[in-house]
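Please view the sequence and the structure together while reading.

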Amino acid sequence: MGFRWWSRHRPQKAVRRAVRSHRTDSVLAEAPLVTSTGEAWAFATRAELLMISAAEAPSGQDDGESRGAPSVVVHRVWSDVDRATYDMESNVIRVHWVDGDEPTALPLDGRRSVLPQVLRERVQWSVVLAEPVKLPDGRSARVAVRRRADGELFSQVIGQSDLDVTDPDIADVIDAAEARVRNAAGLPG
């Protein structure tokens, strides 16, 4: 169940089917996205963020079933999200990933949506605690205890994509920070 009471614009049937087949729980928020290649939607569930795109229908055949099969562009759990930013002027959410992948842009189409707020709440819910870490080479990283949708806690190191955690000096600092946050969260060291 999504927040459809505010908009008559709904995803085409094939997109709704794709959401049902890929999500693990109910939709908390959905938003149509701006695209030049057809229809795209972002969906936030309790456990994950989905972005699904469908091609435009051939000219004169827009019955909701004549379009190309939807493709899942993004299907990531909340603990994969490092942070997200929302630019109100351009109406774009940028999702930054903990694994260093390129940020994903979600260009909202201007309709009223609770997606930015739900995205923020789900990411915050997944972060139990975090500690910034100054590294010997002058850079920084973060060590966090995160929560999966099922409530399981785990630790995570978040740094730039070229962070070498096998470097003994860096590994020592990160290991010490990870031990502190795990201990503070009641996890075994």
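Accessible areas are computed by the Shrake-Rupley method with a 1.4 Å probe, and for residues only the protein chains shown count as cover. On this basis the chain exposes about 10400 Å², of which carbon and sulfur atoms supply 49%.

The model is predicted: local features need pLDDT of at least 70, side-chain atom pairs count only at pLDDT 80 or more, and totals for chains, interfaces and linings use all residues. Residues are numbered from 1 along each chain as its sequence is written, and side-chain values use heavy atoms, without hydrogens and water.

Helices (H or I, at least four residues) and strands (E, at least two) are DSSP runs, numbered from the N terminus. The chain holds three helices and ten strands, in the sequence order α-β-β-β-β-β-β-β-α-β-β-β-α. Of its 189 residues, 40% count as buried, that is, under 20% relative accessible area (1.4 Å probe, protein chains only).

A nonpolar core is a set of buried Ala, Val, Leu, Ile, Met, Phe, Trp, Tyr and Cys residues joined through side-chain atoms within 4.5 Å. Two cores are listed here.

| Core | Residues in core | Including |
|---|---|---|
| Largest | 20 residues | Leu 49, Val 95, Leu 106, Leu 115, Leu 119 |
| Another, apart from it | eleven residues | Leu 163, Ile 174, Ala 177, Val 181 |

In the largest core, α2 (115-126) is one of the elements that give two or more residues, and α2 supplies the largest share, four residues. Leu 49 is in contact (heavy atoms within 4.5 Å) with residues including Phe 43, Val 74, Trp 78 and Leu 119, leaving aside neighbours within four places in sequence.

How values were computed: Buried means under 20% relative accessible area, exposed over 50%, partly exposed in between (1.4 Å probe, protein chains only).
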